[in-house]
Amino acid sequence: LHLAFNMYVLWAFGPRLEREWGARTFTWYYLWCALGGVVAFALLGGGTAGLVGASAAVLGLLLAFALRWPDEEILFFGVVPMKMRWYAA
C-alpha cells in the first residue's frame, strides 16, 4: 500500500511539476529530497533498518506541488474534494 501511494503521487503530481520546471531541475529536486530523507532518517536515529529515500522524495514533490498550486482541488480517496494545501498537510 505504501509503494502504491508513492507511485500514485509521482504519477499524479510529477508530470505537472516536471513541465513547469523542466526535466533537469525536476530530477535534481527529486534526488535532493530523497537524499534529505536519508539524512533525516540517520540523524533522527533511524536504527539499523535499511532505507530508500523514495518516500521523502515523493513527499517533497507533494509539498512542491502544494506550494506552487495551493488552491488546486483534488479528490481525496477519489471522492472528497480538497484543496492541495490541506492534502499536503
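A pocket here is an open set of points on a 1 Å grid over the protein atoms alone, with protein on both sides within 12 Å along at least five of seven lines; lining residues have an atom within 4 Å of a point. A volume is the space filled by probe spheres set on the points, which are joined across faces, edges and corners. With that in hand: the largest pocket comes out at about 220 Å³. This is a predicted model, where local features need pLDDT of at least 70, side-chain atom pairs count only at pLDDT 80 or more, and totals for chains, interfaces and linings use all residues. Residues are numbered from 1 along each chain as its sequence is written, and side-chain values use heavy atoms, with hydrogens and water left out.

**Overall layout**
- Along the sequence, the order is α-α-α-β-β-α.
- Its C-alpha atoms fill a box of roughly 40 × 30 × 20 Å along the principal axes.

**The largest pocket**
- Its lining consists of Ala 4, Phe 5, Tyr 8, Leu 62, Ile 74, Leu 75, Phe 76, Phe 77, Gly 78 and Tyr 87.
- Helix 1 and strand 1 (73–76) are the elements that each give two or more residues to this lining.
- By class, the lining has nine nonpolar residues, one polar and no charged; nonpolar covers Ala, Val, Leu, Ile, Met, Phe, Trp, Tyr, Cys and Pro, charged covers Asp, Glu, Lys and Arg, and the others, Gly among them, are polar.

**Helix 1 against helix 3**
- Helix 1 (residues 2–21) and helix 3 (residues 54–68) pack at about 45°, with axes 9 Å apart (axes are lines fitted to C-alpha atoms over the stretch in contact, and angles run from 0 to 180 degrees between N-to-C directions).
- That angle makes helix 1 oblique to helix 3 (under 35 degrees is roughly parallel, over 145 roughly antiparallel, 65 to 115 roughly perpendicular, and the rest oblique).
- The contact of helix 1 with helix 3 counts eleven nonpolar, three polar and three charged residues.

**Helix 1 against helix 2**
- Helix 1 and helix 2 (residues 23–43) pack at about 130°, with axes 7 Å apart.
- They are therefore oblique to each other.
- Leu 10, Gly 14, Leu 17, Glu 18 and Trp 21 of helix 1 touch Ala 23, Thr 25, Phe 26, Tyr 29 and Tyr 30 of helix 2 (contact means heavy atoms within 4.5 Å).
- Those residues split into seven nonpolar, two polar and one charged.

**Helix 2 against helix 3**
- Here the angle is about 125°, and the axes of helix 2 and helix 3 lie 7 Å apart.
- So helix 2 and helix 3 are oblique too.
- From helix 2 come Phe 26, Tyr 29, Tyr 30, Cys 33, Ala 34 and Gly 37; helix 3 brings residues including Ala 54, Val 58, Leu 61 and Ala 64.
- This contact has eleven nonpolar residues, two polar and no charged.

Note on methods:
Helices (H or I, at least four residues) and strands (E, at least two) are DSSP runs, numbered from the N terminus. On a 1 Å grid over the protein atoms alone, a cavity is a set of points where a 1.4 Å probe fits but cannot get out, and a pocket is an open set with protein on both sides within 12 Å along at least five of seven lines; lining residues have an atom within 4 Å of a point.
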